[in-house]
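Please examine the sequence and the model shown below.

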Amino acid sequence: MSDVQQDTDARRLAEDARERARFEEEVLQLADQVYRVARRLVSSREEAEDLVQETYARAFRSWRSYTPGTNLRAWLFRILTNLNIDRGRREQRAPATEPLEEGDYFLYNRLEEDGGAGDEERVVERLSQDGIVRALSAVPHDFRDVIVLVDIGDFSYQEAAQILDIPVGTVMSRLHRGRRVLKRELAETAVEG
């Protein structure tokens with residue numbers, strides 16, 4: 001191998017190492033956001049930590065597939081979401097079979113049944129962080145992914161559609177239906193607390 005070829009290879013390796021280091025630095029800056037979203041996607045801290053670890057492992061293995069200058073956050077959340085979908089498929093969860101049209105006033109109705117004690121402060125007091133996470137984990141997988149991305153992750157409908165690889169209309173539909181289920185689950189938690 002000639003000296004020129006060795007020099008060219010050395011420069012290429014050095015540039016590759018710099019690009020990788022830049023990528024890793026940028027990706028790691030998103031770790032808190034990734035964890036927050038993962039925590040909302042799954043029911044326990046341990047599962048969230050595992051999901052984040054898998055996400056970063058896959059991102060680091062696939063770093064060359066990221067196109068610099070594009071939305072790194074969306075790329076990373078796409079990996080997170082895909083891994084969570086795979087996890088959900090492995091668990092073979094069945095969606096809730098209750099009708100989604102009932103329950104717009106579920107909390108109000110339940111509080112009325114319990115003697116009309118509609119004190120908002122009492123309800124808020126009963127909804128602990130764990131209760132909220134539990135209620136969110138009861139939302140069917142496809143709906144929960146959209147809720148987490150749009151309502152918690154602050155992604156637009158378009159960004160969520162891109163991350164989940166579904167049409168924008170499906171994002172809107174799943175968000176609407178998922179919010180209804182979440183509302184009902186939160187009401188149950190507040191009333192039972």
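With a relative accessibility of 61%, D154 counts as exposed; exposed means over 50% relative accessible area, buried means under 20%, and partly exposed lies in between, with a 1.4 Å probe and protein chains only. D154 is located in the loop between helix 8 (141-152) and helix 9 (157-164). Although D154 is not a glycine, its phi is positive, at about 60 degrees.

| Residue | Phi | Relative accessibility |
|---|---|---|
| D154 | about 60 degrees | 61% |
| D165 | about 60 degrees | 59% |

This is a predicted model, in which local features need pLDDT of at least 70 and side-chain atom pairs count only at pLDDT 80 or more, while totals for chains, interfaces and linings use all residues. Residues are numbered from 1 along each chain as its sequence is written, and side-chain values use heavy atoms, with hydrogens and water left out.

The protein chain contains 10 helices and 0 strands. Here helices (H or I, at least four residues) and strands (E, at least two) are DSSP runs, numbered from the N terminus. Of the 193 residues in the chain, 36% are buried.

Beyond its neighbours within four places in sequence, V34 is in contact (heavy atoms within 4.5 Å) with V52, T55, Y56, L76, F77 and L80.

Aromatic rings form a further theme. Rings of Phe, Tyr and Trp (its six-membered ring) pair if their centres lie within 6.5 Å; planes under 30 degrees apart count as stacked, over 60 as edge-to-face and the rest as tilted. By this rule there are 7 aromatic pairs. The pair of F23 and W75 is edge-to-face, because the ring centres are 5.7 Å apart and the planes stand at 80 degrees. F23 lies in helix 1 and W75 in helix 4, so this pair ties together parts that are 52 residues apart in sequence. F23 is buried, at 5% relative accessible area, and W75 is buried, at 17%. Both belong to one aromatic cluster, formed by F23, Y56, F60, W63, Y66 and W75.
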